[in-house]
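Below is a set of questions and answers on one protein chain.

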Amino acid sequence: MSYGNLPDPITKPRLRPVIRVFVSSTFSDMKHERNALAAEVYPRLEELCQKNEFQFQAIDLRWGVSTEAGLDHRTMQICFDELRRAQEISPEPNFLVLLGNRYGWRPLPEAITTAEFVALSTAAGAAGKSQTPFGKTALQVLEEWYRCDENIVLPDLTAIDPNRAPLNFILQPRRNLRDGRDFTHTHDGKDTQDWLVVQQVLWKLINTAFPGEEWWLNGVDWERHVAEANDLQNPKRAIPQIARFQASATEQEIWCGALSAENAERHVIACFREITNPGDFSIAELKEFFDRTESGEFDHAAIARQTALKEAIRIRLGENKPLRIPFSRLKRENDRILLDGSEADTKAFCDTVFERFRPIIERQIDEYWRKSKQGSPERATRELKIERDEHARFGRELGRKKSFVGRQSTLDAIADYLQNSSMLPLVVHGSSGCGKTALMWRAFDNILEAQKPIIRLIGTTPHSSDLRGLLTSLCQELRQRNRHTDALPTEVKELCDEFDRHLHS
């Protein structure tokens, strides 16, 4: 399925206010830090948000990308989608960078433009008709693995701004067998030899058409590249072209969430670690903490790229300087090489990250509520709108008119009840999951707006999950019709009494 050339999918923002923190780092070398943050920092940030009627979400894609998605070459697309959602539903796309000495995995670009495909084809043509181990030329391998999405009708390419050209050549999934060859994984989880050969051919073409070493070795001119990324609403275009072809997955995330983000110094936190005792171990023992070449030596090109990335982040964040991770030594324990992080150092690191995030989140919450005080009319009005909109969103999802069929006699009975003068309540009952909520939404949706109907779908929001919150919300809405000058009650009995008075007014 193609995605690079299509409009970004429409996502429905959560109406309940949300604070999101997207965590970006390599995985194997930062396990200690990520586990510590999940155990010590995120619960405290969640508590802070809950006190201010916000939800908190930490997005750690260490648990979010399936093997199937990787085989389909959708890893970066999933990351970009999560970043876009953070930008849509969080006041600011809060971003946490954790970087050690390891630059990390460099993915093949999942989608490329026609012009980029032509450049790769030219490189393949220059290689001549020399055969790969498959008996195919480099051009044949390129055409087999990057295929044009035939569903797109392209305009005259000469009139297209290269930065906005559609990404219409898509890297094909590995799960499809070709010529009887297996391009997935071996039984022990490693890439098959057939796939390693394909990667070797494609990387040779990419390194010829889009060489990147000079870019990193001479320093990243991130300001110029951000200016060129003129479509920052599309995360794939917030990355410079050379980084899309040559950068690690982590660096591509950082381009989207930090280097090309507006006001990054306000909502991006970076934490850097430098291992101080690599000489105590063999290169083979350091495989989880340092990049190595195929021959097993330190990858000096990756070291240069990581150094350039850290420097670009320092420049971008300005006075919001990266935090130093206090544990920077390795130790040998039971024939394993582990990070030597004491409890005291780990706690100090977690406390520092929390204290750096706390004013950022408090400011965002304060700005979201427009500095309205707890209990003020402005805040109450906004809270009520959020509550009503979220119930309406949930009802529409369950009771879409196009997908709701049957139950017409029940809908007619509800409509008749609403027209009569009975003082008795109408009860709709049935087993769990039989469609009561969808039915009630369809009945509600059929009521004329002039009749000012009110609906609450129990359990949809925190306010509708307990009696006090439900009555408070209902009385707030009914007070818009029946004006009250006194403060809204806080006790359940008083709320019940007021609700009853509203029903009789």
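Q: Among the contacts in the chain with a separation of 6 or more, what share comes from residues 24 or more positions apart?
A: The model is predicted, and its chain has 505 residues. The contacts counted here have a separation of 6 or more, and the share asked for belongs to residues 24 or more positions apart. That share is 75%.

Q: How many helices and how many strands does the chain have?
A: Helices and strands are numbered from the N terminus. The chain has 18 helices and 10 strands.

Q: What percentage of the residues in the chain is buried?
A: A residue counts as buried when its relative accessible area is under 20%. Among the 505 residues of the chain, the buried ones make up 46%.

Q: Which element gives the most residues to the largest nonpolar core?
A: The largest nonpolar core has 38 residues, and L96, C271 and F349 touch the most other members. Elements that give two or more residues to this core include strand 1 (18-25), helix 1 (31-51), strand 3 (94-99) and helix 13 (343-368). With eight residues, the element that gives the most is helix 13.

Q: Which residues is L96 in contact with, leaving aside its neighbours within four places in sequence?
A: L96 is one of the residues that touch the most other members of the largest nonpolar core. Leaving aside neighbours within four places in sequence, the contacts of L96 are V21, F22, V23, S24, L37, Y42, I269, C271 and F357.

Q: How many residues are in the second, separate core?
A: The second core is separate, and among its members are I59, Y103, I254 and C256. Its number of residues is 29.

Q: Which elements do the buried residues of helix 1 pack against?
A: The buried residues of helix 1 include E33, R34, L37, Y42 and C49. These buried residues pack against strand 1, strand 2 (55-60), strand 3, strand 10 and helix 13.

Q: Is L120 buried or exposed?
A: L120 is in helix 4. Not counting residues up to four places away in sequence, L120 touches I112, L142, L205, I206, A209, F210 and F245. The relative accessibility of L120 is 1%, which is under the 20% limit, so L120 is buried.

Q: How far apart in space are L120 and N207, C-alpha to C-alpha?
A: In sequence, L120 and N207 are 87 residues apart. In space, C-alpha to C-alpha, the distance is 9.4 Å.

Q: Is T137 buried or exposed?
A: T137 is in the loop between helix 4 (114-126) and helix 5 (138-145). Leaving aside neighbours within four places in sequence, T137 is in contact with K129, S130, Q131 and T132. Its relative accessible area is 14%, under the 20% limit, so T137 is buried.

Q: Is N334 buried or exposed?
A: N334 is in the loop between strand 9 (330-333) and strand 10. N334 also has a positive phi of about 55° and is not a glycine. Its relative accessible area is 69%, which is over 50%, so N334 is exposed.

Q: How far apart are the C-alpha atoms of R456 and H391?
A: R456 is in the loop between helix 16 (436-445) and helix 17, and R456 is buried, with a relative accessible area of 13%. H391 is among the residues that R456 touches, as are L384, E387 and L474. Along the chain R456 and H391 are 65 residues apart, but their C-alpha atoms are separated by 6.3 Å.

Q: At roughly what angle do the axes of helix 17 and helix 18 cross?
A: Two packed helices are described by the distance between their axes and the angle between them. The crossing of helix 17 and helix 18 is left-handed, and residues making the contact include L471 and L474 of helix 17 and L495 and F499 of helix 18. The axes come within 10 Å and cross at roughly 35°.

Notes: Residues numbered from 1 in each chain as written. Predicted model: local features only at pLDDT ≥ 70, side-chain atom pairs only at ≥ 80, totals over all residues. Heavy atoms only, no water. Helix = DSSP H or I, 4+ residues; strand = E, 2+ residues; numbered from the N terminus. Buried < 20%, exposed > 50% of the residue type's maximum accessible area, 1.4 Å probe, protein only. Contact = heavy atoms within 4.5 Å. Core = buried A, V, L, I, M, F, W, Y, C linked by side-chain atoms within 4.5 Å. Axes fitted to C-alpha atoms, helices over the stretch in contact; angles between N-to-C directions. Left-handed = near helix turned anticlockwise from the far one by under 90°.
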